[in-house]
Amino acid sequence: MIDPNLIGELQKDHKKLLLNKEEAAAFLGDLAALCRKHNVLLRTSDGMIRFSKGFDNSETRTTFKAALDQSGSVPAAKIAIKG
């Protein structure tokens, strides 16, 4: 679970945490290259992914929890923010 104090800090400093055009282009380029490398299609329900910078002094990181289906396949994963 995300620390409630972190949520408050994120809301106050949200604008500072947004990537600029160059940072977003580099990040999305890396993400696209990773998808190509693994031949993976990335999908969302609304076709948008959302991202922001983390705090420099924070140990909070994005991790993923695989969603295993009954056949043993992993068609999705939940995003888990860990700190």
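1. Is arginine 50 buried or exposed? Arginine 50 counts as exposed, at 65% relative accessibility. The cut-offs: buried is under 20% relative accessible area, exposed is over 50%, and partly exposed lies in between (1.4 Å probe, protein chains only).

2. On the basis of this note: the model is predicted, so local features need pLDDT of at least 70 and side-chain atom pairs count only at pLDDT 80 or more, while totals for chains, interfaces and linings use all residues. Residues are numbered from 1 along each chain as its sequence is written, and side-chain values use heavy atoms, with hydrogens and water left out.

3. Salt bridges. The structure holds two (a side-chain nitrogen of Lys or Arg within 4 Å of a carboxyl oxygen of Asp or Glu). In one, aspartate 46 meets arginine 50 at 2.9 Å, N to O. Aspartate 46 is partly exposed, with a relative accessible area of 47%.

4. The other pair. The side chains of lysine 53 and glutamate 23 meet at 3.1 Å, N to O. Lysine 53 sits in the loop between H3 and E1 and glutamate 23 in helix H3, so this bridge ties together parts 30 residues apart in sequence. Helices (H or I, at least four residues) and strands (E, at least two) are DSSP runs, numbered from the N terminus. Lysine 53 is partly exposed at 33%. Glutamate 23 is partly exposed at 31%.

5. The largest pocket. Its volume is about 1,500 Å³. A pocket here is an open set of points on a 1 Å grid over the protein atoms alone, where a 1.4 Å probe fits, with protein on both sides within 12 Å along at least five of seven lines; lining residues have an atom within 4 Å of a point. The volume is the space filled by probe spheres set on the points, which are joined across faces, edges and corners.

6. Its lining. There are 39 lining residues, and Ile49, Arg50, Thr62, Phe64 and Ile79 lie nearest the centre. H3 gives the most, with five residues. By class, 25 are nonpolar, nine polar and five charged.

7. Surface patch. Phe27, Leu28, Leu42 and Ile49 form a nonpolar patch with about 330 Å² of accessible area together. Patch members have over 30% relative accessible area and no salt bridge, and nonpolar side chains are joined within 5 Å. Leucine 42 is exposed, at 53% relative accessibility. Leucine 42 lies in the loop between helix H3 (21-38) and strand E1 (61-67).

Conventions:
Patches are made of residues with over 30% relative accessible area and no salt bridge: like charges are joined within 9 Å, nonpolar side chains (Val, Leu, Ile, Met, Phe, Trp, Tyr) within 5 Å. Accessible areas come from the Shrake-Rupley method with a 1.4 Å probe; for residues, only the protein chains shown count as cover. Ala, Val, Leu, Ile, Met, Phe, Trp, Tyr, Cys and Pro count as nonpolar, Asp, Glu, Lys and Arg as charged, and the others, Gly among them, as polar.
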